[in-house]
Number of protein chains: 2
Amino acid sequence: MSLDSGRHLRADAARNVAQILRAARQIFIEQGPDAPLEAIARRAEVGPRTLYRHFPHKQDLVRAALELSVAEDLAPAIRRALAGEAWPGFVHLVDSAVELAFREHSLLAAARGIDSLTAELSTPFYDALGLLLRRAQDAGTTRDDLAPEDLPRFLGMLFSTLWNTDPTTDGWRRYLTILLDGMTTPTASTLPRAQPLNRSTRRTNR
Amino acid sequence: MSLDSGRHLRADAARNVAQILRAARQIFIEQGPDAPLEAIARRAEVGPRTLYRHFPHKQDLVRAALELSVAEDLAPAIRRALAGEAWPGFVHLVDSAVELAFREHSLLAAARGIDSLTAELSTPFYDALGLLLRRAQDAGTTRDDLAPEDLPRFLGMLFSTLWNTDPTTDGWRRYLTILLDGMTTPTASTLPRAQPLNRSTRRTNR
């Protein structure tokens, strides 16, 4: 094998992986979290064996597709938000994250079984959001009794509105607005103490 | 059989049913939605055959226990709320409903498979809540761009905070307070249009 044909093969493999990941995101959106890998291979115009060579288990494919989605959509939103003013950045970042989760809900559902993946991908997001919240509190834009533990719950509250809203609308933005108003109201009530997050309990009832 | 012993038998049967329903609520709280009927019979101190005679299917028992819970706890809260001032009544009723759902979460989980039951039991609740909201809007206490369609979503948002909060605390009240602040803020933002409820879509992703 010449040097040239080796390069050619590597470029081929990279193109295949990119096509497979793009196809995976499309197919999960169209067919839901249980979409068969064969449909993804067909859409990517690669043979099933090529797909299995790059992604031996469905979990590998889901993880790679989700990491790509975070790298392409969430990471730039985090960078943009941190570069600007605190409160507009906070609002923009929450909005981007819910929109992303809304678009990629099947991919997220497929990822639910993969241990620690969601936590791993969401840590940089919540770190950035917590920083923006503290800056907004220092600037006096946001009530100062909000805590970082509130943030995953706010996101959970917004996600909950997705399930009973027509998926073709952005109806959840209405509830984002009410929640943001509750976070910034000048006549804020005294809040009960923040409780630590406890993800392990009561999960069975979802 | 004498008239007296007939009465005696009916009184016995009524006592058995009451004991079974009380036991069912306790056992579901202690053991979760998949608790075996035998455990309920044992706690009620009746034989399994007595339990099956009154409730041939688990669904019958779950329905009766939930109806009892609504009659004993939710219906009085609705009556109290409607009798008083609009906004305190609204707040009290939401609080009571979330507390009830929190306490009876296993019963609700067991009821999830029973078609139309949840809708049937929640209609009087949402009707009352909608009436109180309109009264509070007429009184100028609440922002006037809220719609009845928002109410199930508000409850869903509060329920979502239960899943990652220590079940022995009332941590969800913190999020109720923020949401109520968002509903009453004097500097309210313009809300996006309310979307109709759409319970059938996206359910698979819960």
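This is a predicted model: local features need pLDDT of at least 70, side-chain atom pairs count only at pLDDT 80 or more; totals for chains, interfaces and linings use all residues.
Biologist: What rotation superposes chain B on chain A?

Modeller: Two copies of a chain are related by a rotation about an axis and a shift along it. For chain B and chain A the shift along the axis is 0.0 Å, and the superposition has an RMSD of 0.1 Å. The two copies are thus related as by a two-fold rotation axis. The rotation that superposes them is 180°.

Biologist: Which residue of chain B comes closest to the rotation axis?

Modeller: The distance is taken at the C-alpha atom, and the closest approach by a residue of chain B is 1.8 Å. Both copies use the same surface, for 100% of the contact residues of chain B recur in chain A. The residue of chain B that comes closest to the axis is Gly182(B).

Biologist: What area is buried between chain B and chain A?

Modeller: The contact involves 53 residues of chain B and 53 residues of chain A. Carbon and sulfur atoms give 57% of the area buried between the chains. That buried area is about 4,600 Å².

Biologist: How many salt bridges does the rule find across the interface of chain B and chain A?

Modeller: Side chains of opposite charge can pair when their charged atoms come close. Arg174(B) and Asp150(A) meet in this way, with 2.6 Å from N to O, which lies within the cut-off of 4 Å. Polar contacts between chain B and chain A, with both residues at pLDDT 80 or more, number 11 residue pairs. The salt bridges across the interface number 4.

Biologist: Which element gives the largest share of the side of chain B that touches chain A?

Modeller: The elements of chain B that give two or more residues to this side are α6 (105-111), α8 (150-162) and α9 (172-184). By class, this side holds 21 nonpolar, 18 polar and 14 charged residues. The largest share is 9 residues, and the element that gives them is α9(B).

Biologist: How are the planes of Tyr175(A) and Phe154(B) arranged, and what is the angle between them?

Modeller: Over all chains, 6 aromatic pairs are counted. Tyr175(A) lies in helix α9 of chain A and Phe154(B) in helix α8 of chain B, so this pair joins two chains. The ring centres are 6.1 Å apart. The arrangement is edge-to-face, and the angle between the planes is 85°.

Biologist: How many residues apart are Arg25(A) and Glu104(A)?

Modeller: These residues form a salt bridge, with the closest N and O atoms 2.8 Å apart. Arg25(A) lies in helix α1 (residues 3-31), whereas Glu104(A) lies in the loop between α5 (86-103) and α6 (105-111). The pair links distant parts of the chain, and the separation is 79 residues.

Conventions:
Residues are numbered from 1 along each chain as its sequence is written. Chains are lettered from A and ligands numbered from 1 in the order in which they are written. Side-chain values use heavy atoms; hydrogens and water are left out. Copies are superposed by least squares on the C-alpha atoms of residues with pLDDT of at least 70 in both. Contact means heavy atoms within 4.5 Å. Buried area is the accessible area (1.4 Å probe) that two parts lose on being put together, summed over both. A salt bridge is a side-chain nitrogen of Lys or Arg within 4 Å of a carboxyl oxygen of Asp or Glu. A polar contact is a pair of N or O atoms within 3.5 Å; within protein, one must be able to donate a hydrogen and the other to accept it, and residues adjacent in sequence count only if both atoms are side-chain atoms. Helices (H or I, at least four residues) and strands (E, at least two) are DSSP runs, numbered from the N terminus. Ala, Val, Leu, Ile, Met, Phe, Trp, Tyr, Cys and Pro count as nonpolar, Asp, Glu, Lys and Arg as charged, and the others, Gly among them, as polar. Rings of Phe, Tyr and Trp (its six-membered ring) pair if their centres lie within 6.5 Å; planes under 30 degrees apart count as stacked, over 60 as edge-to-face and the rest as tilted.
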